[in-house]
There are 2 protein chains.
Amino acid sequence: MADDRIDSDTLLFLTDEQLRRAIEAMFFAYRGFTADPDRLLAGQGYGRAHHRAVHFINRSPGTTVNNLLAILGVTKQSLNRVLRTLIEDGLVESRVGQRDRRERHLHLTEAGRDLERVLSDAQRARMRTAFREAGPEAVAGFRQVLEHMMDPELRRHFNAVKEGER
Amino acid sequence: MADDRIDSDTLLFLTDEQLRRAIEAMFFAYRGFTADPDRLLAGQGYGRAHHRAVHFINRSPGTTVNNLLAILGVTKQSLNRVLRTLIEDGLVESRVGQRDRRERHLHLTEAGRDLERVLSDAQRARMRTAFREAGPEAVAGFRQVLEHMMDPELRRHFNAVKEGER
DNA sequence: CTTGGAATGTCAACAACACTGACGTAGTTT
DNA sequence: AAACTACGTCAGTGTTGTTGACATTCCAAG
């Protein structure tokens, strides 16, 4: 506590106590991370699951349901419930695939993009503030650690950004 | 918007695209972060909420219900459901407060500590691997950014580690 | 051209975990 | 004595996840 000088030789940053602190930091930070979108969506009939769907459809317009399933890691039944309401409400459009007409390609409508922007603006604002306060080197480290914390399976999705219609 | 090259070197990490990447990294990493405990608890009648309760009772033995409520940020009804099962199953002990007999001070039993150890060992193992692969400087940055991402209210709880019986 | 399998969607039932609102009980403070 | 605090509980509801079963549509291989 008195002086925690970083000593890579003795690997002081790998003690159980340091790891416990990091685990709690992750817990509290994730709460902050989701707080703003959650608040914006509350009482609107939507929740975090809708936010996630909208986010990844916006990132990869034309992505298929199967792609989305793999990224979000939920069952198709669970995703379908979310997509159905988004489509009914005119936020998401589902287009039959050209090459393979079994597939459904998902796109945001104008209204969908509006919602996405509101949500991600709030989330980015918090992230931007945190980044600015911590500085570029801290951000680089932050990104590195996060990437190593992912399951290898998920890291694939993280690095594959451009999906599109293909 | 096309070229705002002013300070582009130092502010490159604050572009919307960089922030979007970071948001997704946070999402995927959190999935990895909770994957191991989730798997261990699955089918055992317990879930993530039990894990959180056990974790923070272990961190601050003798903490009160009210303290835990503030830390976890849930309603007392929600927390009570979790605590009741943990107490019934003999993992948590609830002692009437000495100074104020309205309070209940929470402690892990031997069995509770066993479960906590299994869960946090798994979670720490993943964190340790990620830390080792990323290196000490990255870890320092990681911690910095996370702390700035928290709500100020929650950061208080993060920094106040020693509660105990008082 | 039929058939097998893949992709998608839907229905039903259920569980975990959160919420609100209301109420009760014990104990402390004013 | 009254007001407030800490805790627990009952009842109802909502979001998000799960299984399992089944139908439809469509591609591709025999």
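Reader: How are α6(A) and α7(B) oriented to each other?

Author: Angles of 65 to 115 degrees count as roughly perpendicular, under 35 as roughly parallel, over 145 as roughly antiparallel and the rest as oblique. In this predicted model, the axes of α6(A) and helix α7 (residues 136-149) of chain B come within 6 Å and cross at roughly 100 degrees, and α6(A) and α7(B) are therefore roughly perpendicular to each other. Axes are lines fitted to C-alpha atoms, for helices over the stretch in contact, with angles from 0 to 180 degrees between N-to-C directions, while helices are DSSP runs (H or I, at least four residues) numbered from the N terminus.

Reader: Which residues in α6(A) meet residues in α7(B)?

Author: Two residues are in contact if their C-beta atoms, placed from the backbone, lie within 7 Å. Among those of α6(A) are E137(A), F142(A) and V145(A), which meet residues of α7(B) including E137(B), F142(B) and V145(B).

Reader: How many residues of chain A are in contact with chain B?

Author: There are 47 residues of chain A in contact with 46 residues of chain B, and 96% of the interface residues of chain A are also interface residues in chain B, so the copies meet through the same surface.

Technical notes
Residues are numbered from 1 along each chain as its sequence is written. Chains are lettered from A and ligands numbered from 1 in the order in which they are written. This is a predicted model: local features need pLDDT of at least 70, side-chain atom pairs count only at pLDDT 80 or more; totals for chains, interfaces and linings use all residues. Helices (H or I, at least four residues) and strands (E, at least two) are DSSP runs, numbered from the N terminus.
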